[in-house]
Amino acid sequence: MARILVVDDDEQIRTMLVMTLEEAGYEADEAADGRAAIRKQREKPADLVITDLIMPEKEGLETIMDLRKEWPSTKIIAISGGGRAVPGDYLLHARHLGAARVFRKPIERSELLGAVRELLGEGASLTKGRRSV
Amino acid sequence: MDREEREPAVTDRTGKESEETMTGGSLSQGDEREAGRLCSRGTSCDDRLRAIFEASADGIALLDPSGAIVEMNRSACRLLGFGSPEEIISTSPSAFDLVVPEERHRVIAEFARTVRDEIVRGVRLRVRRRDGSPFEAEWSGAVQRDKNGRKNGVVFVFRDISDRARAESALTESEETYRSIFRSANDAIFVHDAETGAILDVNEKTVELFGWSADEILALQVVDLSSGEPPYTQEEAKKKVRAAAAGEPQIFEWRSKKKSGEFFWAEVNLKQATIRGKPRILALVRDITDRKRSEEERRRTERLLRDFMDHSPTFFWAKDLRGRLTMANQAVADLFRRSPEELVGLTARDLFPANSKLVAEMEEQDLRVVETGEALSLEESVVLGEAGRRVLIWKFPLRDAEGALAGIGAAGLDVTEQRELEERLRQSQKLEAIGTFAGGIAHDFNNIIYSILGFTELAMDHTEKGSRPFRCLEQVREAGARASDLVAQILEFSRTRETERTPLRLQRMIHEALRLAEGSRPPRVEVRTMLDPNCGEVLADPTEIHQVLLNLVANAFHAMGERGGTLAIRLEEYFAGGAGGPRGAGLDHGSYARLTVEDTGHGMDPSTVRRIFEPYFTTKGVGEGTGLGLATVHGIVRAMGGAIFVESEIGRGTRFDVYLPLVSDAPARDRETANDKGEAERGAHTGRG
């Protein structure tokens with residue numbers, strides 16, 4: 001069973017995403033910031049990391065860089081709430097740094113799960129509904 | 001003095017001469033008597049002579065060589081105030097006693113001269129009457145000889161010439177007076193021949209003023225004393241002299257010349273005069289160099305003041321104490337569409353007939369200045385026609401040379417544009433703040449909405465489809481989606497979304513947008529497009545341009561509605577040449593595509609126009625619009641380095657002008673962010689926050 005790590009400082013988002021992923025049949029874990037995410041990853045590496053971009057302690061972009069360095073095979077999906085605090089450029093940067101997909105919150109469940117399946121090599125039609133930013 | 005000094009000598013000489021004469025004559029007393037009666041008894045004197053003697057109106061006296069009176073006629077008695085010759089002879093045996101004492105020596109001298117010269121005529125001296133009163137007498141004398149040819153007496157004929165003497169003395173006196181005026185006058189005075197204009201006489205002042213001697217001037221012509229440049233020529237001078245000679249006094253200014261060649265301004269006064277019976281022209285010439293200079297100085301100062309006043313955008317005016325304008329500059333005149341001269345004499349009541357409240361306020365202010373004598377500064381709203389102007393006014397007391405209050409002066413600065421700009425800046429700052437706020441909370445909102453939506457879907461997974469709880473959860477999901485759209489729109493307004501800009505031809509975009517909007521076009525609305533095919537490309541995100549166009553078109557359709565009207569869309573290039581952009585709000589220097597969307601709909605009042613770009617501000621009814629349309633348009637245009645302006649009038653329609661930089665002139669991205677201050681000054685409808 002593929003393992004997915006959800007990184008977000010918003011507890012409700014974390015809980016919701018973990019539940020969503022579990023119900024879709026994945027093993028999901030959560031971390032409240034980048035530092036905790038790296039720690040969890042060292043304990044038990046995930047196949048896919050879904051990370052928010054603006055977080056205390058360790059920032060999203062930095063987390064992506066560290067993940068790409070240490071676990072090059074781990075896939076990354078970056079998500080962000082946007083707004084003034086999160087300029088659109090952030091998602092582009094995340095993409096350049098190695099996030100395989102980037103999404104703006106809120107995200108359609110089907111889109112998110114589609115991307116997850118695609119990245120985990122589960123072979124669904126993955127281009128449909130992709131939201132390119 | 002002279003006379004007194006010489007008196008003794010004269011007396012001596014006279015005595016001597018008399019002595020000689022008497023030696024020569026040697027008449028005895030008896031002979032004298034005889035000689036005195038020569039006329040009556042002598043062969044040489046007949047009755048005719050006696051008749052003449054008695055009838056003569058002149059006094060006739062016969063004296064012996066010593067001056068003693070021998071005989072006198074009646075006229076002599078009368079002139080001297082005596083009753084008879086005997087009376088005279090008994091009172092004053094010597095004729096010399098009959099003259100006033102001061103002239104005694106002279107009469108003796110004249111008597112001696114008569115004896116010596118045989119005859120004298122026209123001698124004047126002062127004679128005393130019996131009562132002592134003097135009178136001016138003129139006499140002639142001739143020597144009398146006896147039959148042997150010896151001088152034996154003198155006959156004197158005399159008359160009273162007091163009247164003539166008085167007249168003569170008065171004449172002399174007045175001539176002397178005139179002469180002294182002529183000499184001492186502070187004006188140069190020329191006496192001209194009335195016919196030829198020749199200079200006949202000049203006074204001392206003329207010599208002083210022109211630097212020539214009097215003799216030199218008499219040899220000159222007027223032109224020699226003039227600049228000689230027309231009209232200060234000989235011919236012109238003659239013309240003036242002739243006019244004066246014809247009885248029309250002439251006063252004029254003349255460019256005169258001194259001997260040194262120096263020119264000066266003179267005021268000349270020509271008058272006709274008769275001098276010693278001859279027609280003359282008197283020319284009074286006054287040096288007015290100083291007066292001329294101070295006049296010029298005054299005119300120069302006035303001109304300078306006038307120039308400053310008329311070229312100043314500041315209003316300047318002055319009123320008298322009765323509130324009537326005494327002066328107004330060009331700026332004031334332009335405001336009232338009249339000339340400055342036409343305004344003089346008018347009152348506030350005349351200028352603002354429809355605004356009695358304003359007039360009352362102005363009168364009250366004037367009164368305050370008059371009562372306190374102090375300056376006053378205030379801002380007042382002056383309503384002219386349909387456009388109200390806000391004017392900052394200073395009023396101050398005007399005083400005359402003695403310091404007494406003479407009127408009220410005022411200066412006014414039109415601050416209408418400034419106040420509008422300030423208002424726009426406030427609006428702009430407000431939009432900015434709203435944008436910042438919206439962008440700031442959007443992130444958190446998205447998280448919240450995402451949680452709501454995510455959990456709702458999870459819950460729905462565990463709910464029987466179509467059941468009541470399922471339908472409730474569907475509503476929650478629907479509400480969450482709407483909230484999500486709203487946040488997206490807020491983010492659009494605050495411009496944080498990444499866009500993909502490519503060079504675009506607006507002509508094509510406009511046609512596309514109109515095709516898209518066709519479905520919502522009210523049936524009686526006509527659409528006209530005037531798109532310059534040569535208008536260049538702009539760097540833009542096509543989605544954004546669609547959004548701008550669709551919003552503006554939708555608003556126009558809405559404004560015209562069932563009533564119908566015309567929607568005009570124009571596109572052309574516009575060059576902003578520096579500080580001045582449309583309506584005073586500066587666009588950056590450069591070329592722009594100007595997109596104009598104009599409708600003939602219901603229009604908006606000024607307060608609506610002011611708030612039109614605010615998010616959530618809407619004139620539409622509930623459910624008709626989000627209130628974010630124009631705020632979004634505004635955000636997009638600002639982000640592109642462009643500007644949007646709106647003009648509207650109730651009942652006539654609304655016009656939006658959108659300026660988007662042409663590709664070649666598209667502002668660099670870094671400038672957009674580095675130029676915050678400049679953008680704030682550009683006002684509400686330009687720049688990027």
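Student: Which residue takes a positive phi in the hairpin of strand 21 and strand 22 of chain B?

Tutor: B:G651, with a phi near 85 degrees; three residues lie between the two strands. This is a predicted model, in which local features need pLDDT of at least 70 and side-chain atom pairs count only at pLDDT 80 or more, while totals for chains, interfaces and linings use all residues. Residues are numbered from 1 along each chain as its sequence is written, chains are lettered from A and ligands numbered from 1 in the order in which they are written, and side-chain values use heavy atoms, with hydrogens and water left out.

Student: What makes strand 21 and strand 22 of chain B a pair?

Tutor: Strands here are DSSP runs of E of at least two residues, helices are runs of H or I of at least four, and both are numbered from the N terminus. Two strands pair if DSSP finds at least two bridges between them. Strand 21 (residues 643-649) and strand 22 (residues 653-661) of chain B are joined by seven bridges and run antiparallel, so they meet the rule. One of the bridges links B:F645 to B:D657 in strand 22 of chain B.

Student: Why are strand 7 and strand 8 of chain B said to stand at the edges?

Tutor: They belong to an open sheet of five strands in chain B, in the order 7-6-10-9-8, with antiparallel pairing. Strand 7 (199-202) and strand 8 (250-257) of chain B each have a single partner strand, so one side of each has no neighbour in the sheet. On average, neighbouring strands of this sheet are turned by 30 degrees against each other, direction ignored. For strand 7 of chain B, the pairing with strand 6 (residues 188-193) of chain B rests on three bridges; B:V191 stands opposite B:D201 there.

Student: Which helix lies across strand 6, strand 8, strand 9 and strand 10 of chain B?

Tutor: Helix 11 (residues 234-245) of chain B, at about 155 degrees to strand 8 of chain B. Such angles run from 0 to 180 degrees between N-to-C directions, with axes fitted to C-alpha atoms, for helices over the stretch in contact.

Student: What is the strand order of the sheet with strand 2 and strand 3 of chain B at its edges?

Tutor: The order is 2-1-5-4-3, in an open antiparallel sheet of five strands. Strand 2 (69-72) and strand 3 (119-128) of chain B each pair on one side only. The twist averages 30 degrees from one strand to the next. Inside the sheet, strand 4 (residues 134-145) and strand 5 (residues 151-160) of chain B pair over nine bridges.

Student: Is B:S56 buried or exposed, and how do you know that?

Tutor: Buried means under 20% relative accessible area, exposed over 50%, and partly exposed in between, using a 1.4 Å probe and protein chains only. B:S56 has 16%, so it is buried. This residue is in the loop between helix 4 (47-55) and strand 1 (59-63) of chain B.

Student: What does the side chain of B:S56 reach at 3.0 Å?

Tutor: The backbone nitrogen of B:D58. A polar contact is a pair of N or O atoms within 3.5 Å; within protein, one must be able to donate a hydrogen and the other to accept it, and residues adjacent in sequence count only if both atoms are side-chain atoms. The 3.0 Å distance falls within that limit.

Student: Where does B:S467 lie?

Tutor: In the loop between helix 17 (416-461) and helix 18 (468-494) of chain B. B:S467 is buried, at 16%, and a polar atom of its side chain lies 2.6 Å from the backbone oxygen of B:E464.

Student: How many disulfides are there over all chains?

Tutor: A disulfide is a pair of cysteine sulfur atoms within 2.5 Å. By this rule the count is zero. Among the cysteines, B:C535 is buried, at 1%, whereas B:C472 is partly exposed, at 45%.

Student: Which residues touch the most other members of the largest nonpolar core?

Tutor: B:I510, B:I545 and B:L567, in a core of 41 residues. A nonpolar core is a set of buried Ala, Val, Leu, Ile, Met, Phe, Trp, Tyr and Cys residues joined through side-chain atoms within 4.5 Å. Helix 20 (residues 542-560) of chain B gives the largest share of this core, eight residues. Another core, of 28 residues, lies apart from it and includes B:L63 and B:V120.

Conventions
Contact = heavy atoms within 4.5 Å.
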